[in-house]
Amino acid sequence: MNTTAKSEATFATILEAAYDMAAAEGIGKVSLGELAKRTGISKSGIFSRVGSLEALQAAVLDEYDRRFGEEVFMPALQVERGLPRLTMQVELWLKKIGNETTRGGCLYTAGAFEFDDVPGPLRDRIEAGVNRWRGSMRKTVLQAMEAGHLRPDTEPEQLVFEIYSLAIGVMHDARFLRANAVPRRAQRAFNRLISTYKSFNDLE
């Protein structure tokens, strides 16, 4: 293995360990010292490859964005615009964050509580990620209204707020209570919620 390939493999090992720490304990709990223990790489060796803790946290969020795109965003784009796409977005998202047996959870949703009163670049990055995803759902809600799938008096921001509130409840029960029925309950809750917004034409 040449020097470049070895360096890339080492960085991948560090990033994977950091991602696991962030998913399990919160991105604010990621530390170079703990990563050195978990990976067997010296703290100075980790620092030389990541540059700083802040750069590593940003890389972890980049990796989360990449996985989120593969698991949620891109698959949802493959289905019909409007309510089918919104339903797919939410189903895949809730499935991702509701399975406590996997490295699930949402680094942005969890990070919003972790850094709600901690100003700085990391909080700004988390806020931007939350707003980006909420904006994507809002756009899909508007498309569903244009397609006649949702009532014309639907308030997009209100519906997105209610979906996000549901997601927070899912994370709470999955990660804190370790409740096995979370995926089923989450789906039932979303179905009931969206039924109150469907247009009469879409109910036929």
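Helices here are DSSP runs of at least four residues, numbered from the N terminus. In this predicted model, Gly28 sits in the loop that joins helix 1 (3-25) to helix 2 (32-39). With a relative accessible area of 35%, Gly28 is partly exposed. Leaving out residues up to four places away in sequence, Gly28 touches Gln57, Glu114 and Phe115. Arg85 is 57 residues from Gly28 in sequence, and the two C-alpha atoms are 33 Å apart in space.

Stepping back to the whole chain, the count is ten helices and zero strands. The C-alpha trace spans about 65 × 35 × 35 Å along its principal axes. Of the 204 residues in the chain, 41% count as buried. Among contacts with a separation of 6 or more, 67% are between residues 24 or more positions apart.

Just after helix 3 comes Gly51, with a positive phi of about 90°.

Twelve of the 16 residues are buried, so helix 5 is largely enclosed by the rest of the structure. Among the buried residues are Leu83, Leu86, Val90, Leu92, Leu94 and Ile97. Arg85, Thr87, Gln89 and Lys96 of helix 5 are buried as well, as is Trp93.

Leaving aside its neighbours within four places in sequence, Trp93 is in contact with Phe68, Val72, Cys106, Thr109, Trp133, Met137, Ile163, Tyr164 and Ala167. Trp93 also belongs to the largest nonpolar core, which has 57 residues. The residues with the most contacts inside this core are Leu35, Trp93, Leu150, Leu159 and Ile163. Helix 8 gives the most to the core, with nine residues.

The structure holds five aromatic pairs. In one of them, the rings of Tyr64 and Tyr108 have their centres 5.7 Å apart and their planes at 70°, so the pair is edge-to-face. Tyr64 lies in helix 4 (residues 53-77) and Tyr108 in helix 6 (residues 107-114), so this pair ties together parts that are 44 residues apart in sequence. Tyr64 is buried at a relative accessible area of 2%, and Tyr108 counts as buried at 4% relative accessibility.

A second pair brings the account back to helix 5. The ring centres of Trp93 and Tyr164 are 5.1 Å apart and the planes are at 50°, so the pair is tilted. Because Trp93 lies in helix 5 and Tyr164 in helix 8 (residues 156-176), the pair ties together parts that are 71 residues apart in sequence. Both Trp93 and Tyr164 are buried. Tyr64, Phe68, Trp93, Tyr108, Trp133 and Tyr164 form one aromatic cluster.

Arg134 lies over the face of Tyr164, at 4.7 Å from the ring centre. The charged end of Arg67 sits over the ring of Tyr19, 3.9 Å from its centre.

Most residues other than glycine have a negative phi. Arg178, a residue other than glycine, has a positive phi near 55°. Arg178 is found in the loop between helix 8 and helix 9 (182-195).

Terms used: Residues are numbered from 1 along each chain as its sequence is written. This is a predicted model: local features need pLDDT of at least 70, side-chain atom pairs count only at pLDDT 80 or more; totals for chains, interfaces and linings use all residues. Side-chain values use heavy atoms; hydrogens and water are left out. Buried means under 20% relative accessible area, exposed over 50%, partly exposed in between (1.4 Å probe, protein chains only). Helices (H or I, at least four residues) and strands (E, at least two) are DSSP runs, numbered from the N terminus. Rings of Phe, Tyr and Trp (its six-membered ring) pair if their centres lie within 6.5 Å; planes under 30 degrees apart count as stacked, over 60 as edge-to-face and the rest as tilted. A charge sits over a ring if NZ of Lys or CZ of Arg is within 6 Å of the ring centre and within 35 degrees of the ring normal. A nonpolar core is a set of buried Ala, Val, Leu, Ile, Met, Phe, Trp, Tyr and Cys residues joined through side-chain atoms within 4.5 Å. Contact means heavy atoms within 4.5 Å.
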